[in-house]
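User: I am new to this structure. Please show me how to read a few of its features.

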Amino acid sequence: MAASLRLGCGRRALRYLLGSASGRRAEAVVTSLDRGVDCRRLHGSAWLWVDPIKILMPSLSPTMEEGNIVKWLKKEGETVSAGDALCEIETDKAVVTLDSGEDGILAKIVVEEGSKGIRLGSLIGLMVEEGADWKQVEIPKDVSPQPPPASPVSAPLVAEAVVPASATKAHPAGKLSLRLSPAARNILETNNIDASQGTPTGPRGIFTKEDALKLVQLKKSGKLAESRPSPAPPTTTAVPSPPQAPPAPGPPSYPRPMIPPVSTPGQPNAVGTFTEIPASNVRRVIAKRLTESKNTVPHAYATADCDVGAVLKLRQSLVKDDIKVSVNDFIIKAIAVTLKQMPDVNVSWDGEGPKQLSSIDISVAVATDRGLITPILKDAAAKGIQEIALSVKALAKKARDGKLLPEEYQGGSFSVSNLGMFGIDEFRAVINPPQSCILAVGRSRPQLRLSEDDEGNIRLQQHDLVTVSMSSDSRVVDDELATKFLERFKANLENPARLY
């Protein structure tokens, strides 16, 4: 410590000097100590320099593979304290602030803001301890800034037409290449007629069945000459080929129609026919996880109509008391209560087997400009309707602003997605692994139904119905269990008194 003070530099620089200097250089350090030389005056020498603190791209979520530098919050040369925000990083879920773990000075910004596709562990910046000359810091040779990913359209694409091998062969001299329909080819070959004696009338010059039948009629009437095999083209070889027997006469053969397809499956479109849309990390991860879910999770579906008339009446009475709640808040509460009553549904599948979850955490799907994200309402069964409403509103705002913390969107035991506000009657959602269920909620719609009134008379009455569709993982929630869950959920939602 005393040596550090006499040198006038931090502990990191001192450890570097004593650990890496050779014998002669170590003697020079000791001499400098005896003479009271300030270490900061030696930073520019050939043998003494600052050991920088590396700032690497961190893993800010379990599914994160790369990140984007949205904005640097510190500039080169600024003093940084432990806990200060260095930059904003866009992960596969949200925009998260990267905080400094040490005191020092931001010496070098290796990856500029706006850079995308930075792999985990890549060097994004350098820091030095306080008192060090930050201007003398250089990027380590073993770690270089990651080049930006190449754009798919940066290099011109060359569209090559796929031509069958038969079409590359030269057609015999004197024979016109025509495009024949299958029926026309069969008729011409059966009657030994050359299509070149007729005129194609089909679209794009195709020789149709009707064209072939006209030639057959002309042949029967004697107005059409017999088809003869075309002579072979002369060969230009230095060595004369041995004489060959002439080919036996037979029906002429015609190439298959060469009609260019409108689009070729599996091949990119031609350059200039599309515009590349840059995909954010969130969009790419959503696409990857949805594809994995549909390919690996056996989805089963069950649908039910719920009468929310009682919920709407209760909601109107709460509005009079200046308590604003939505139908979706009641649905979340009904899901949580039903999961508490049926813990067998509150499970997940982690790839090896089912796991029973002790906490009831509801993931609520929120649509943002960056894509769909599911912030989590923790311990929803213990919360009241008003608390659920306030929590969901706050989480939705943070999700749209991209300010969700990792613990606010990681995990969850059951998801709910509501498209009723967009006028959708019903839909089926994709399960969010490792969760086992997701409930898709449609809009509330009036419908006339025969039902008993309070006096027991059958009358035609109007009901407010909401269609819910449950997608479940058949490995842990089979059809029978999913049916019982929907029945219990329907009973709880239609009787709001059961939710308290």
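User: Which side chain of opposite charge is nearest to Glu 90, and how far away is it?

Analyst: This is a predicted model, where local features need pLDDT of at least 70, side-chain atom pairs count only at pLDDT 80 or more, and totals for chains, interfaces and linings use all residues. Residues are numbered from 1 along each chain as its sequence is written, and side-chain values use heavy atoms, with hydrogens and water left out. Lys and Arg count as positive, Asp and Glu as negative; His and the chain ends are not counted. For Glu 90 the nearest opposite charge is Arg 370, 4.4 Å away. A salt bridge needs a side-chain nitrogen of Lys or Arg within 4 Å of a carboxyl oxygen of Asp or Glu. Glu 90 has none, yet is buried. Buried means under 20% relative accessible area, exposed over 50%, partly exposed in between (1.4 Å probe, protein chains only).

User: Where does Glu 90 sit?

Analyst: In strand 4. Helices (H or I, at least four residues) and strands (E, at least two) are DSSP runs, numbered from the N terminus. Strands pair if DSSP finds at least two bridges between them. Strand 4 (residues 85–90) and strand 5 (residues 95–99) run antiparallel, joined by five bridges. A hairpin of four residues links strand 4 to strand 5. Cys 87 has Leu 98 as its bridge partner.

User: How many salt bridges are there by this rule?

Analyst: The count is 13. One of them joins Glu 66 to Arg 119, with the closest N and O atoms 3.5 Å apart. Glu 66 is in strand 2 (residues 66–72) and Arg 119 in strand 7 (residues 118–119), so the pair ties together parts 53 residues apart in sequence. Glu 66 is buried, at 18%; Arg 119 is partly exposed, at 39%. A network of salt bridges links Glu 66, Arg 119 and Arg 284.

User: Which residues touch the most other members of the largest nonpolar core?

Analyst: In soluble globular proteins, nonpolar side chains tend to be buried together. A nonpolar core is a set of buried Ala, Val, Leu, Ile, Met, Phe, Trp, Tyr and Cys residues joined through side-chain atoms within 4.5 Å. Here the largest has 46 residues; Val 345, Ile 362, Phe 414, Leu 439, Met 470 and Phe 489 touch the most other members. Helix 9 gives the largest share, nine residues. Another core, of 35 residues, lies apart from the largest one and includes Val 80 and Ile 105.
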